[in-house]
Amino acid sequence: MEGGGGVLNYPGTVEKVFWDFRGRRTGILKALTTDAEEFYRQCDPEKENLCLYGFPGEQWEVNLPAEEVPPELPEPALGINFARNGMQEKDWLSLVAVHSDAWLLGVAFYFGARFGFDKADRKRLFDMINELPTVFEVVTDTAQKQVKEEPSVSNRGSDKSKSNSKLRRTSESQEKYLKGTQAKDEHQVIDEDEEHGLTLCGSCAESYASDEFWICCDICEKWFHGKCVKVTPARAEHIKRYKCPSCSNKNAA
């Protein structure tokens with residue numbers, strides 16, 4: 001890979017193209033969720049036509065479009081900054097998310113064409129991409145709503161258990177978020193893993209994994225990887241009421 005947004009310069013496989021797609025998608029999700037305040041600031045309507053780029057290294061950048069014609073890669077939507085002050089912030093972020101989804105697919109299938117993917121390869125690439133929520137779904141909370149509407153098994157998601165689970169951020173939280181150790185019994189651990197296996201991180205939209213630290217926002221009730229919101233297990237021990245970056249920004253406004 002050349003730089004953050006360069007073209008894949010080695011023989012491409014479906015897995016490598018998907019890796020590239022996933023990294024760019026994660027970068028864009030950061031811009032539109034946890035880094036939304038900084039992204040909003042950079043999209044100054046007084047500047048020239050700006051684009052939002054996602055890079056394979058899970059970073060993002062607001063910049064002018066490529067000068068070369070035709071560009072090395074498909075270009076994202078042009079002039080996203082001009083619409084910033086003409087609509088509600090959440091609607092503007094949703095608009096950018098929709099265009100970002102189209103750009104991500106365009107880049108992925110550009111690589112597919114360049115590397116000569118056949119029908120089976122293209123279908124496999126699409127199926128892998130389709131397993132992830134779209135950027136738009138994450139930004140508008142559609143992905144979280146879809147998860148909540150899925151039928152539960154054996155009433156594992158009762159209101160009482162959900163309410164109690166939000167508060168477990170001390171030593172008890174380690175049982176739930178890290179590895180399910182020191183649980184009251186084996187069945188309790190299994191139930192919690194099944195329940196949270198459907199949960200998506202509010203930042204990167206990846207699924208819950210029992211070997212990772214997670215934390216729940218007490219305001220919007222979304223779950224986050226600790227690494228995505230820069231909260232360690234040790235720091236969580238001292239947090240009585242956690243607010244995610246998005247809710248913190250709203251309260252500060």
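Predicted model: local features only at pLDDT ≥ 70, side-chain atom pairs only at ≥ 80, totals over all residues.
In which sense do E1 and strand E2 (residues 60-63) pair, and over how many bridges? The two strands pair in the antiparallel sense, over four bridges.

## Overall make-up

The chain contains eleven helices and four strands. Of its 253 residues, 42% are buried. The chain exposes about 14000 Å², and carbon and sulfur atoms supply 50% of that area.

Contacts across the sequence are also summarised here. Among contacts between residues at least 6 apart in sequence, 62% join residues at least 24 apart.

Strand E1 covers residues 51-54, and both of its faces are covered. Cys51 and Tyr53 lie on one side and Leu52 and Gly54 on the other, and all of these are buried. In general, the side chains of a regular strand alternate between the two faces of the sheet.

Within the pairing, Tyr53 has Glu61 of E2 as its bridge partner. Five residues lie between the strands of this hairpin, and Glu58 takes a positive phi near 65 degrees there.

## Helix H1 and Ile28

H1 runs over residues 14-32. With 19 residues, the helix reaches 27 Å from its first C-alpha to its last, close to the 27 Å expected at 1.5 Å a residue. Because 14 of its 19 residues are buried, H1 is largely enclosed by the rest of the structure.

Ile28 lies in this helix. Its relative accessible area is 0%, so Ile28 counts as buried. Leaving out residues up to four places away in sequence, Ile28 touches Leu52, Tyr53 and Gly54, together with Ser100, Trp103, Leu104 and Val135. Ile28 and Gln59 are 31 residues apart in sequence, while their C-alpha atoms are 7.4 Å apart in space.

## The nonpolar cores

The largest nonpolar core has 37 residues, of which Leu32, Phe39, Leu52, Leu125 and Val135 touch the most other members. At least two residues of this core come from each of H1, helix H2 (36-42), E1, E2, H3, helix H4 (119-130) and helix H5 (135-139). H3 gives the most, with nine residues.

Leu32 is in contact with Phe39, Leu52, Leu93, Val96, Ala97, Val135 and Val139, when neighbours within four places in sequence are left aside.

## Ser94 in helix H3

Helix H3 spans residues 89-114 and includes Ser94. Ser94 is buried because its relative accessible area is 13%, below the 20% cut-off for that class. Not counting residues up to four places away in sequence, Ser94 touches Phe136, Val139 and Thr140.

## Two loop residues with positive phi

Ala205 has a positive phi of about 65 degrees although it is not a glycine. This residue is found in the loop between helix H9 (186-196) and strand E3 (214-216). At 3% relative accessibility, Ala205 is classed as buried.

Glu221 likewise has a positive phi of about 65 degrees without being a glycine. Its place is in the loop between E3 and strand E4 (223-225). Is Glu221 buried or partly exposed? Its relative accessibility of 42% makes Glu221 partly exposed, since that class lies between the limits of 20% and 50%.

Definitions and conventions. Residues numbered from 1 in each chain as written. Heavy atoms only, no water. Buried < 20%, exposed > 50% of the residue type's maximum accessible area, 1.4 Å probe, protein only. Contact = heavy atoms within 4.5 Å. Pairing = 2+ DSSP bridges. Areas by Shrake-Rupley, 256 points an atom, 1.4 Å probe, with all protein chains shown as cover. Expected span 1.5 Å × (residues − 1). Core = buried A, V, L, I, M, F, W, Y, C linked by side-chain atoms within 4.5 Å.
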